[in-house]
Structure formats: structure tokens, C-alpha cells
Amino acid sequence: MIQPARLAVSLLLGTFLAVFVWNNYTVTLKQNTQREQGNTGKSADISSGHLPIFQREQNKIFLAQDCLSEHSKNGDGFIEIPSDDVLKTLTYQQITCLYHRFVDNVGVLCKDINRLGHLSDGGWEVCNDRQYSPPNDCLVYSVGINNDFSFDDEISRQYGCEVHSFDPSMNQKSHKRGEKLFFHNIGMSDKNVHIPANQKGWEMRTLGAMKQELIHAKRHVHVLKMDIEHWEWKVLPEAIASGFLNDVTILDLELHSWVIEKGNYVYEPPAEIYLDYLRTLRQLHQLGFRIFLTHKNLGSCQFKSKFGMMRTSCQEIAMVQTKKIAS
């Protein structure tokens, strides 16, 4: 058993050592802070008791403010896509960086994110916050299946949604899969066409035309999910122009920034292609869509940019419509 006197001495020694270590630490911390201020010109306040966040020395492969121009952040610090007058003044490096930074950052907080379907490829998220959560009579369009119905089945099971799945590449006839589950051997495009023309191939529809054919004209499509291997850049502008997206609350997309030239994938396309992407994303932003979750799809999609950093040409984003919340 330890005697009280010895215990008191031990406590005093322990306290002394703790104070000594802390004083030595704060002196070192102040010296580092002063050194960091000299390197970056940034001040770091430690008087509040919070540890300073040191600013990294600017890496030469990045432009100022991590490649972003002063026009690309709003008053709240969220990344926005500027007008064409500003975009045309940006360098190729700034344009590519603006695209990747925009899709890699969120613009609204969702407090309750619900992953539906596989944890790996094939699963998607919905925002379960009250103003966005799918209602009992929800209607879902799921475009691009690749034989994986895990998201479609789970959103129907959890929320009772009527789900229409679209994919012309699976060699399956259109059929009813379950009580509220329907498969359509049809793809989405910016035109109502058959490709290739006059041959056995794919039937393609605009989202608006498909909604009319399914007699959903007066119904609200609560969730639109699309993973269609670059066709999204054809479908989205038409869906915006036609007003189809005005009635969509949750928009799940896989964005593919690569292009195919002469049969080869180009993972970092020319500036004008990136500008088209940015204009489409800006239109979505103007409609009120904000990213609440974003995820890099790696694997074969990752590449080394000519500007030095690693990037991915496949980005999964989940968005909610913040301007008009349907009942």
C-alpha cells in the first residue's frame, strides 16, 4: 500500500513534469507558428487555445488558391461556376481544375444520407432529410443498369417506390420485374432515335418522351439515377431545356469526363469539352441542384493529369433540388 506522503510527492512530481512539458511544447509551437508565418504570410492565432492550422507552402503544380480563380467561390465559400465571360479568360489548367474541384465538393448539407444497393459499384445514395426523402408514392427512373438492380430493388423495398429501369445494352426484353418494378429495353439520349439506323440496335428516347410514353406526365419523378457512360452529357442539356428536371428532387449521376477519339480513350479532353461540361453543371446549379455527396470512381478511370496531379475521369455525385421541394 502506498503511503500518503509518498503519494503526495508523486503527484507533485507528476504535475511539475506535465507543466514543464506543456510550457516547452507551447514555446516550440509559437516558434513553428512564427516560422510558418514567415513562409506563407498567414497568421495563426493560438491565444484562443486552439491549435493553428498551418498553411502548406504553395506547390508549384497548383495555381493560386488551388487552381481556382477569385470568381469561382461565392460568399459562403462554396465553389460556383462563373459566367462565360469569366470562363473564357481562364487557362486550360484553370478550366480542368475548376471542373474537378466543382464535382469533388459538396454544396449543401444532408444530415441523413442513405446508401441503397451494393456498397461497391451499383449502389447509390438518397438524402433522407425530411424535405428530400422519397415519399410513399415515389416514382424513380433508374437509367443504366448493367445487370445490377440492387439500387432499384432496395429503394422500392425501403420507400415503396415505383421503379422504372432503363438499359438497352442487356439483351433483355421489356418486362415487369415485380409489383412495382419495371424494366425497359430502352436507352436515354437527347433525341428519339434508333441506333444504328435501319439496323438491329438500341431504341433511344429523351427523358421527356419516355415520361409521356409511360403516362407519367402528371407525376413527379422523385429520383433520377443515371450511369450511362458519357451519354449524360447529351441527356442532361436536353432534360434541362425541356423542363424534365424541374420535377426531380434527387439526382444521382456518374459523370464521365473522358472522350473517345479514333477508338481511344482520352482521359483529359480539350478545354472546349471541359467548358461544355462546366456549362451543363452551371445550368444544374441554376436550377437549384446542389451536390450533397461526391465520390471518385477509381479503377481504370484514374489518370495522371498533364499538370502533374492524379485525377479520375469518373465521378459519382448525388444532388438534391434545393429551390423547389415537391410535396
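I looked up R279 first: in this predicted model, R279 is partly exposed, with a relative accessible area of 29%. I then checked its partner and found that the side chains of R279 and D276 meet in a salt bridge, 3.2 Å from N to O. D276 is also partly exposed, at 42% relative accessibility.

Next I looked at helix 7 itself. I have it as residues 271-287, 17 residues in length, reaching 24 Å from its first C-alpha to its last, close to the 24 Å expected. I listed its buried residues, among them Y274, Y277, L281 and R282. Just after the helix, I found G288 with a positive phi of about 110 degrees.

R282 is buried, with a relative accessible area of 15%. Its side chain meets that of D84 in a salt bridge of 3.0 Å, N to O. D84 belongs to helix 2 (residues 84-87), so this pair ties helix 7 to a part 198 residues away in sequence. I recorded D84 as partly exposed, at 33%. D84, D276, R279 and R282 are linked in a network of salt bridges.

I counted 13 salt bridges in the structure. I looked up one more, K211 with D247, where the closest N and O atoms are 3.9 Å apart. K211 lies in helix 5 and D247 in the loop between helix 6 and strand 11, so parts 36 residues apart in sequence are tied together. K211 is buried at 8%, whereas D247 is partly exposed at 27%.

Key:
Residues are numbered from 1 along each chain as its sequence is written. This is a predicted model: local features need pLDDT of at least 70, side-chain atom pairs count only at pLDDT 80 or more; totals for chains, interfaces and linings use all residues. Side-chain values use heavy atoms; hydrogens and water are left out. Helices (H or I, at least four residues) and strands (E, at least two) are DSSP runs, numbered from the N terminus. The expected span of a helix is 1.5 Å times one less than its number of residues. Buried means under 20% relative accessible area, exposed over 50%, partly exposed in between (1.4 Å probe, protein chains only). A salt bridge is a side-chain nitrogen of Lys or Arg within 4 Å of a carboxyl oxygen of Asp or Glu.
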